[in-house]
Amino acid sequence: MTSPNHAASRRSRQTRRDRPGWQAYRQALDLLQQREWDGALSLLAEAEVTFRTTDDTDGQWRALAAQAELHLGQGHAHLAMARALAALVIVEQFDDPRACGLLAWRVALIALHQGDYRTAGAYLQRAQLCLDMADVAPPGGLLAATAQLCAEVVRWQQVMQQGRIGRSEGEAAINEVRTELMRHLIAINRHIATHGQTDPDVQTWINVELLPPPPPMLTDRSPSLVQRFLAWWRAALAPPGAHRRTAVGNLSIDDPIIVEDHLSGERMASSADVRDDLSAAEATLPDETITVVEATAEAPAATSSDMPAATDAASHTTELTVYTFGTLRVYRNDVLVDQWEGVRSRSLFRFLIAHRQAPIAKERLATLFWPDSEPELARRSLHQAVYCLRQTFKRVMGDIPVVLFVNDCYLLSPDLLLWVDSDAFEEAIATARSAWSCGDIERAIQAYGRAIDLYQGDYMAEERYEDWAEERRIVFQSAYLEALHQLARAYQERKDYPTAIMLSQRALAVDTCDEDAHRVLIGCYAAQGLRRLAIRQYQVCVTALRSQLGLSPSDDLEAFVQRVLEGAA
């Protein structure tokens, strides 16, 4: 006898099949079976547009997640991260902790591909929380324990950068942590592959076996731990009943457990042996190889472009990592500052971070934050807010001073080693513009890619109505759109239409009246023979301009659309 829940699920799936966009989604999965990855990406982009225009959020997040998997398989980790995060934002609106937890796990893996251990740790913690709620989490708090290992890697990287230990000693310690991290990743993936399955009728995750292989090594030397994990991952996620032998080092395996046993034996070797094995193997990888648990020069905790250069350890006694795009997040040596004293301490810290180039007069702060109070009362309120801010950091930093008072002015201590995402964003944009003007398009694309990865929301989003934040917010948003436009046009010229479409859609998420983004979308759809989608995008543009600005499309856009549609007819 069919249960009511099963019958309801079948009705839901049947209804889903009849909705717009799902046919393209299923066709994309069919192309994956044929290993037609570019065609699958195009259909997934088409499905996503249809889902978005019909407000089908269930289909939209699945199409985004599927695109993330494909981008990751093709080695475009920054694009995979953008799609996975967009899918996660949608899923967080649902009462579905399992899907949210699985997406957070995927985001963590993508972050590890990028060498970003800090971000990976944050999303592993989120995955732990969500999968615990869904009662499908790996046992023993394994996700949270893996997040702690990521934090440990970050701490060792920081200690090395500050010159407090030698490089060889630090690398040996990091490699020991990575070996344990590898074991945790394998255990988590095995559990999720067997206990975290979602709706079998509509595929949420693309089987890794269907994805393009990672770039080949340049020599026949032993593979790194990264490649061993990828080999095991493919074997673990193979379709039930599939029999396939996977080469791992000198082993040829039928059972992924052999890989884990191989790593277990490796872990018993000395740290120097582990380091030598990693160094020898990783030296054989091409530059574009994306790694899973490998520290790269693009990791925020260890780069000169994204982190201030290390100086004498005695003059910089501690580190604060500050994220100003989106919700304010502050870390002290990878420990989140999550308990703020008082109601004004966060706002005061945001202002001091934004204006840390020079001391701020106390009268200015009092007038800014308490404009309707009498001067004496405003000063008292300021003193109380500063006290609360100091108490906030005292909880995680002890007696290390954060806010100083000098000559009737407040400022952040110059002894703090600060990394601020908005600084790294500005540096990436400047690098991209310089490279672009010199004709170094590849370098410009990489720098613009770093910039859009850093832009995780509006600058100082919690201070949306404060004049002091609005000017920089507009500047940053304009630079972000510039990066999206330049990247979209570059990928369009290379006929990488799915990537150009994704970037343009991100631009429209910021400004629905962005004619440049609409133009790229129309051109990409038409170039792929998707005339219907090109027409629909033009109609979306016309509606947005008319409803929000009372304008019609520019003559240049009208002429472009006419040429494109005539060519696609």
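**View 1. Helix α3 against helix α4.** Where α3 meets α4, the α3 side brings Trp37, Ala40, Leu41, Leu44, Ala45, Glu48, Phe51 and Arg52, and the α4 side brings Gly59, Gln60, Ala63, Leu64, Ala66, Gln67, Leu70 and His71 (contact means heavy atoms within 4.5 Å). Sorted by class, the residues of this contact come out as 10 nonpolar, four polar and two charged (Ala, Val, Leu, Ile, Met, Phe, Trp, Tyr, Cys and Pro count as nonpolar, Asp, Glu, Lys and Arg as charged, and the others, Gly among them, as polar). This is a predicted model, where local features need pLDDT of at least 70, side-chain atom pairs count only at pLDDT 80 or more, and totals for chains, interfaces and linings use all residues. Residue numbers start from 1 along each chain as its sequence is written, and side-chain values use heavy atoms, with hydrogens and water left out. Helix α3 covers residues 37-53 and helix α4 residues 57-73; they pack at about 155°, with axes 9 Å apart. That makes α3 roughly antiparallel to α4 (angles under 35 degrees count as roughly parallel, over 145 as roughly antiparallel, 65 to 115 as roughly perpendicular and the rest as oblique). Axes here are lines fitted to C-alpha atoms, for helices over the stretch in contact, with angles from 0 to 180 degrees between N-to-C directions. Helices (H or I, at least four residues) and strands (E, at least two) are DSSP runs, numbered from the N terminus. The crossing of α3 past α4 is left-handed (the near helix is turned anticlockwise from the far one by less than a right angle; clockwise would be right-handed).

**View 2. Helix α2 against helix α3.** Here α2 (residues 22-33) and α3 have axes that come within 8 Å and cross at roughly 165°. The two helices are therefore roughly antiparallel to each other, and their crossing is left-handed. On the α2 side sit Trp22, Ala24, Tyr25, Gln27, Ala28, Leu31 and Leu32, meeting Trp37, Gly39, Ala40, Leu43, Leu44, Glu46, Ala47 and Phe51 of α3. The tally for this contact is 12 nonpolar, two polar and one charged.

**View 3. Helix α18 against helix α20.** The axes of α18 and α20 (residues 515-527) cross at roughly 15° and come within 10 Å. That pair is therefore roughly parallel, with a left-handed crossing. His485, Ala488, Arg489 and Gln492 of α18 meet Asp516, Ala517, Val520, Gly523 and Cys524 of α20. Count them by class and you get four nonpolar, three polar and two charged residues.

View 4. β4 (residues 329-332) and β5 (residues 335-336) pair in the antiparallel sense over two bridges (strands pair if DSSP finds at least two bridges between them). Tyr331 stands opposite Leu336 in β5. Two residues lie between the strands, and Asn333 in the turn has a positive phi of about 50°.

View 5. β6 and β8 (residues 409-412) pair over two bridges, and Ala361 has Cys409 in β8 as its bridge partner.

**View 6. Phe325 and Tyr459, an aromatic pair.** The model has 20 aromatic pairs (rings of Phe, Tyr and Trp, its six-membered ring, pair if their centres lie within 6.5 Å; planes under 30 degrees apart count as stacked, over 60 as edge-to-face and the rest as tilted). Phe325 and Tyr459 are edge-to-face, 6.1 Å centre to centre with 65° between the planes. Phe325 is in the loop between β3 (318-323) and β4, and Tyr459 in the loop between α17 (441-454) and α18 (467-493), so the pair ties together parts 134 residues apart in sequence.
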